[in-house]
Amino acid sequence: EGGMERHEYDVVVVGAGGAGLRAAIAAHEAGARTAVVCKSLLGKAHTVMAEGGIAAAMGNRWPEDNWEVHFRDTMRGGKMLNNWRMAQLHAQEAPERVQELEDWGALFDRTDDGLISQRDFGGHKYARLAHVGDRTGLEMIRTLQQRTVQLGIDVFMECTITDLMKDGQGDGPGRISGAFGYWRESGRFILFDAPTVILATGGIGKSFKVTSNSWEYTGDGHALAMRAGASLINMEFVQFHPTGMVWPPSVKGLLVTESVRGDGGILKNSEGKRFMFDYIPDFFKAETADTVEEADRWYDDKKNNRRPPELLPRDEVARAINSEIKAGRGSPHGGIYLDIASRRSPEFIRKRLPSMYHQFKELADVDITQEPMEIGPTCHYVMGGVEVDADTQESAVTGLYAVGECSGGMHGSNRLGGNSLGDLLVFGKRAGEAAAAYTAGLGARPVVAEADVKAAQASALAPFEVEGGENPYTIQSDLQQSMNDLVGIIRVASELEASLAEIEAFKERAKSMKVEGHRQYNPGWHLAIDLRNMLIVSECIAKAALARQESRGGHTRDDFPGPDPEWGTKNLVVNLNAEGTGVDLHEKPLPVMPDELKKYFD
Ligand code: FAD
C-alpha cells in the first residue's frame, strides 16, 4: 500500500478502557510521547459498563479494613492461585488510586460524614467498594477520559490493531518495534513505530453465546501477545457471573449487578426457597451466616453477624444457581429469582440501583421494586491473560506490556467483584511508568521490518482473496454455541475433548472464510479478523480446562469435583506452538509467597 499512514511514538496503548487510559496518563506524565488506540469510540470501552464499584481498603466505613485484609480476601477469593505480589500491590495501592480519581474530578457517593462511600460485595470482608450509584464505570471512564484529553494525549478511535511488530533482536522472543492496524471506517492501514506497546484490550466474552460482554471483547490482546511470543496463564478460569438477565432473548446474558445482593437482594427458587443456605462450602463456613435471621441482621450489624450466603464469591453462587435450575427448580424462562422488591422500599431501590431499575423496566417490562427478577449465570470475565511481571506488567517480550482484563495472575482462579476496576488503576499506572522508563533508557530504537508490514497487510486482506468460502458469522455463531455447551460453567473431560475437536474444525473452516464487498466500513471483514483471535483464545481455554483435573474457582469439573492440593501449587501456561497453528501448554509452579504474608492464611 503506497503512502501508508505512519506515526512514531514512545508508548502505544491499545485499548481505552480504565486500564489503557490510566496507563496512557502515567506514560505521558513520565514524559513519553504516548498514543491511545481503540477499536470503538472513546468512552465506549467495557469499563463504562462497570456498575458496582472499585474495591479499595480505604477504611471509610470500617476502620478495621486495611490492605492486609483486602489482600487476604483477594487470595482466598482466587483460591490461592493468584500471583501474590500482584494481589499485594493491588491491595496496597488501590486506595491511593481511588483518591487520585477523586482529585481528578470523580464524584463518588458519600458516607454521612462526607467520606467516599463504600459498599458490600461478595468475598470482601468489609464494605469496600467505592461507587457512584450503580454507574461507577461511567464516572471512572469520564474522569480518565477528561484527563487524557486535557493532557493532550493523541487518541486514535475506531482503529483496530491486528499485529505487533518486532525487530528480531535481544534475548528470547525479541523486542517490540511497533503495532499495525486499520481504520474501521476506511479500511486503510496504519502503522505505529514504537518501542513499547501496552495491551489493554479487555476480555474474551464474545467467544461464549451467553455473555455480559459487548461485541468488542474478542480476546485481541490475548491473541496479539501470543502471536508476538508471550505466554498466557490461568486461561481455564473464566468467570460466569451468577446474575445475568435471562429474558427476553434479545438481552439474555446482560448483567444484573452484584450490588442487588450487596444491598439486600436474595435468591429464591421456583418453590420460594432461599436456597443459598444449602450451598455454603466448608472453606467459607466460618464466615457465612447459616440462618436467615443472622443473614438478615448482618446488613445492620456486621460486627456480630456473619454475611449472607448470597454474598459468597461468584463461582460459588453461580454453581448453586446452576444446580437449582438443573434440578428443575428454575423460573419459567430458565433462570431463578433475585428478589429485592420484598426486602427494600421502592425509594431505596430506585436510589441505590437506578440503572437496574431502568434496565428491567425498559428491556423486560419488570418493575424490580414490585417483583423479583429472573436471572441466570452469564460469561462475564476472564481471569486468564498475558503472563506479566508483577511490578511492571511487562510480558516475556521486551517492550510488550499487558494490563487490565487482558493480563493474568492478579485474580488467580476467581476474581472478586470490584477488584477489576482497582486492578485497572493500580497496574495501569505501573505499566505506563515502566514503559516510559524503558523507552527513556533506550539507545537506538527498534526498527520495523518492511517484510513484516507486508505480511501483516497480506494477512489482514486474506479473507478478500478466498473464492467460494464461508461467511465468518456462521463460524462465529457455531463457536459461541460450542463454547457455551462444552466449555461452560460445569465441565467434563469428554465434552472438553469434543470442544477441542470442534475448534480444530472451526479453524479449518476459518481458513477459507470469505468476506463480501470492499474495505470501507465492512463489519464482515472486521469479524473475520477478530475471529482468528477468538479461535485461538477458545483453544487456550479448552486446552487448559481439560488439563486441570480439579475444581477450583471459575473452573468446575464434574469428573473432578473437589480442589486438589497438588493443583493448588501450579499455574497452567499456554503458548502458540512453533508452527503458529495451535496451542502448547505446560505447568509452572506458583511464585512462592514470603513468610510475612503467609501468616494471614494460618
Ligand atoms: P476494557 O474497558 O474492556 O477496554 C478495552 C479497550 O480495548 C476498548 O477501548 C476496546 O476498544 C479496545 N480494544 C480491544 N481490542 C482492540 C484492538 N484489537 N485494537 C484496538 N483497540 C482494541 N469490575 C469491577 O471491578 N467492578 C464492577 O462493578 C464491574 N462491573 C461490571 C459490569 C459489567 C456489565 C461488565 C461487563 C464488567 C464489569 N466489571 C466490573 C469488569 C470490568 O468492568 C472489566 O473487567 C474492566 O472494565 C476491563 O477494563 P480494561 O481496561 O481491561 O478493558
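User: Which hand does the crossing of α14 and α16 have?
Analyst: Left-handed, going by this predicted model.

User: And what are the angle and axis separation for that pair?
Analyst: Helix α14 (residues 472-486) packs on helix α16 (residues 523-547) at about 30°, and their axes are 9 Å apart. Angles under 35 degrees count as roughly parallel, so α14 is roughly parallel to α16.

User: Who makes the contact between α14 and α16?
Analyst: From α14 you get Pro472, Tyr473, Ile475, Gln476, Leu479 and Met483. From α16 there are Gly524, Leu527, Ala528, Leu531, Met534, Leu535 and Ser538.

User: How many charged residues are in the contact of α14 with α16?
Analyst: There are no charged residues there; the contact has 10 nonpolar and 3 polar ones.

User: OK, what about α14 and α15, parallel or antiparallel?
Analyst: Helix α15 (residues 493-511) and α14 pack at about 170°, with 10 Å between their axes. The two are therefore roughly antiparallel to each other.

User: Which residues are involved in that one?
Analyst: On the α14 side, Ile475, Asp478, Leu479, Ser482 and Leu486. The α15 side gives Glu495, Leu496, Ala498, Ser499, Glu502, Phe506, Arg509 and Ala510. Ile475 and Leu479 are listed for the α16 contact and for the α15 contact as well.

User: Switching to the ligand. How many residues surround it, and which are the closest?
Analyst: The ligand is surrounded by 40 residues, and the closest are Gly15, Gly17, His46, Gly202 and Gly404.

User: Which elements give two or more residues to that shell?
Analyst: Those are α1 (18-29), β3 (34-38), α4 (136-151), β8 (159-166) and α12 (419-440). The largest share comes from α12, with 4 residues.

User: How do the shell residues divide by class?
Analyst: Into 21 polar, 14 nonpolar and 5 charged.

User: Back to α12: at what angle does it cross α3?
Analyst: At roughly 95°, with the axes of α12 and helix α3 (residues 84-103) coming within 9 Å. That angle makes α3 roughly perpendicular to α12.

User: Now the backbone. Where is there a cis peptide bond?
Analyst: Between Trp247 and Pro248, with omega at about -5°. Pro248 sits in the loop between β13 (238-245) and α6 (259-262).

User: And which residue other than glycine has a positive phi?
Analyst: Lys79 does, with phi near 55°. Lys79 lies in the loop between α2 (67-77) and α3.

User: Why flag those two backbone features?
Analyst: Because most residues other than glycine have a negative phi, and most peptide bonds are trans.

User: Last topic, the whole fold. How many helices and strands?
Analyst: The protein has 17 helices and 20 strands. Its radius of gyration is 23 Å, close to the 25 Å that the globule rule gives for 602 residues, so the protein is as compact as a globular protein of that length.

User: What does the C-alpha trace span along its principal axes?
Analyst: About 70 × 50 × 50 Å.

Key:
Residues numbered from 1 in each chain as written. Predicted model: local features only at pLDDT ≥ 70, side-chain atom pairs only at ≥ 80, totals over all residues. Near = placed C-beta within 6 Å. Nonpolar A, V, L, I, M, F, W, Y, C, P; charged D, E, K, R; others polar. Axes fitted to C-alpha atoms, helices over the stretch in contact; angles between N-to-C directions. Parallel < 35°, antiparallel > 145°, perpendicular 65-115°, else oblique. Left-handed = near helix turned anticlockwise from the far one by under 90°. Contact = placed C-beta atoms within 7 Å. Rg over C-alpha atoms; globule rule 2.2 N^0.38 Å.
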